[in-house]
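Please consult the sequence and the structure shown here alongside the text.

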There are 2 protein chains.
Amino acid sequence: MGVTSSPCASCKLLRRRCAKDCIFAPYFPPHDPHKFAIVHKVFGASNINKMLQELQIQQRADAVNSLVYEANARIRDPVYGCVGAISYLQNQISQLEMQLAVAQAEILCIQMQNNQDSPSPNYDNNNYNLPEIQIDNDNNNLQQYLRLLEIINNSN
Amino acid sequence: MGVTSSPCASCKLLRRRCAKDCIFAPYFPPHDPHKFAIVHKVFGASNINKMLQELQIQQRADAVNSLVYEANARIRDPVYGCVGAISYLQNQISQLEMQLAVAQAEILCIQMQNNQDSPSPNYDNNNYNLPEIQIDNDNNNLQQYLRLLEIINNSN
C-alpha cells in the first residue's frame, strides 16, 4: 500500500489532473481501470461525483461498490440490469414460500392423523368418538390437507 | 390518446426541440416529467440515449421501466440502491431455504417414527427387529432429526 503519484483510474480515463483531494481516488485506484470505466459508462462521471458528494465519507465505499455491481448487471443484461435479478429472486421467494406452506401443511396433516390414530391416554375415548368420524380415512386426510393449504394460501 | 405537439418530458427538461424521431418521446410523455427527471438525475440523458440506441425498439420500453425502477431505488437508498433490495431478498431466500430444510427433515422424521411405530403388514416382522432398535425412542428420533439436518445443511 505504498503512496503513488499516478493519477487515479477516473482521472486517467477523463484525462485530467488528479488533485490531492480527488473524490474518486480512494475508490478507483490506477491498477483497476475497468472498475471506473464501467460505472462511467452506465452512470457517467458527473453523476457519480454528485452522488458521492451527497454522502458521508464513511458511506462512499459501500456506495461505489453498489454502483459497480449495478453497472456490471446493466452491462450483462442491458434490458433489465439489476431489476432482472430482483425479479428472479422474488420468483424464487414465491416458490420457496409455496413449498414451505405445503411442507408445514403436510406436518400438520400427519400430526392430526397421528392424533386420530393414537388418542392421548389422558382423554376418555367414550367422549371422543374419533373412530366414527373416520369414515374414509384417506379421503378425510386429503380434505384436511387441502383445507390447510387453502387457509395458508389465503393468509399470505 | 390524441396526438399532441408538446415536446416530450425529456426534451422539455433538456430545453431542446423534440424531433419527430426523438428516442425518448415514446417512453417519457410530457404529462409525467418526474419519470425522466429521476433517470436523468441517476444515469444522465446522454447515457440513457446511448443505452436505448444499443437496444432493439421492442426492448426499449422494458429497459426504460427497469432504469426508472433502478433510479427510484437509488434515490430512496443513495448508498445501496437496488443492491440493497438484492441483498435483502437473498437473506430472505436463505431463511426460507433453512425453514424448508427443517420442515422437510421434520416430515422425514415423523414418517420414520410412524414406520417404526406401525410396521407395514407386507413385511415379516421376524426379519426386521424394529422394536429392539428402539431402546430410547425419543432420543433416537432426536438423533435422526439432527443427522438429517446435518445432511441437509452440508448439501447446501
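The following paragraphs treat symmetry, interface, salt bridges and cores in turn.

The structure is a predicted model. Chain A can be superposed on chain B with an RMSD of 0.1 Å by a turn of 180 degrees and a shift of 0.0 Å along the axis. The two copies are thus related as by a two-fold rotation axis. Within chain A, the residue whose C-alpha comes closest to this axis is A:Phe43, at 2.2 Å. Both copies use the same surface, as 100% of the contact residues of chain A recur in chain B.

At the interface, 39 residues of chain A are in contact with 39 residues of chain B. The area buried between the two chains is about 3500 Å², and carbon and sulfur atoms give 66% of that area. Polar contacts between chain A and chain B, with both residues at pLDDT 80 or more, amount to 13 residue pairs. On the side of chain A that touches chain B, two or more residues come from each of α2, α3, α4 and α5 (81-117) of chain A. The most is given by α5(A), with 19 residues.

| Salt bridge | N to O distance |
|---|---|
| B:Glu54 and A:Lys41 | 3.8 Å |
| B:Lys41 and A:Glu54 | 3.8 Å |
| A:Glu70 and B:Arg74 | 2.5 Å |

A:Glu70 lies in helix α4 of chain A and B:Arg74 in helix α4 of chain B, so this pair joins two chains. Both partners are buried: A:Glu70 has a relative accessibility of 1%, and B:Arg74 has a relative accessible area of 2%.

The largest nonpolar core has 48 residues, of which A:Phe24, A:Val39, A:Phe43, B:Phe24, B:Val39 and B:Phe43 touch the most other members. At least two residues of this core are supplied by each of α1 (9-14), α2 (33-42), α3 (45-53) and α4 (57-76) of chain A, and by each of α1 (9-14), α2 (33-42), α3 (45-53) and α4 (57-76) of chain B. Apart from this core lies another, of 22 residues, including A:Ala73, A:Ile107, B:Cys82 and B:Leu100. Leaving aside residues up to four places away in sequence, B:Phe24 touches residues including B:Phe36, B:Ala45, B:Ile48 and B:Leu52.

Conventions:
Residues are numbered from 1 along each chain as its sequence is written. Chains are lettered from A and ligands numbered from 1 in the order in which they are written. This is a predicted model: local features need pLDDT of at least 70, side-chain atom pairs count only at pLDDT 80 or more; totals for chains, interfaces and linings use all residues. Side-chain values use heavy atoms; hydrogens and water are left out. A nonpolar core is a set of buried Ala, Val, Leu, Ile, Met, Phe, Trp, Tyr and Cys residues joined through side-chain atoms within 4.5 Å. Buried means under 20% relative accessible area, exposed over 50%, partly exposed in between (1.4 Å probe, protein chains only). Helices (H or I, at least four residues) and strands (E, at least two) are DSSP runs, numbered from the N terminus. Contact means heavy atoms within 4.5 Å. Copies are superposed by least squares on the C-alpha atoms of residues with pLDDT of at least 70 in both. Buried area is the accessible area (1.4 Å probe) that two parts lose on being put together, summed over both. A polar contact is a pair of N or O atoms within 3.5 Å; within protein, one must be able to donate a hydrogen and the other to accept it, and residues adjacent in sequence count only if both atoms are side-chain atoms. A salt bridge is a side-chain nitrogen of Lys or Arg within 4 Å of a carboxyl oxygen of Asp or Glu.
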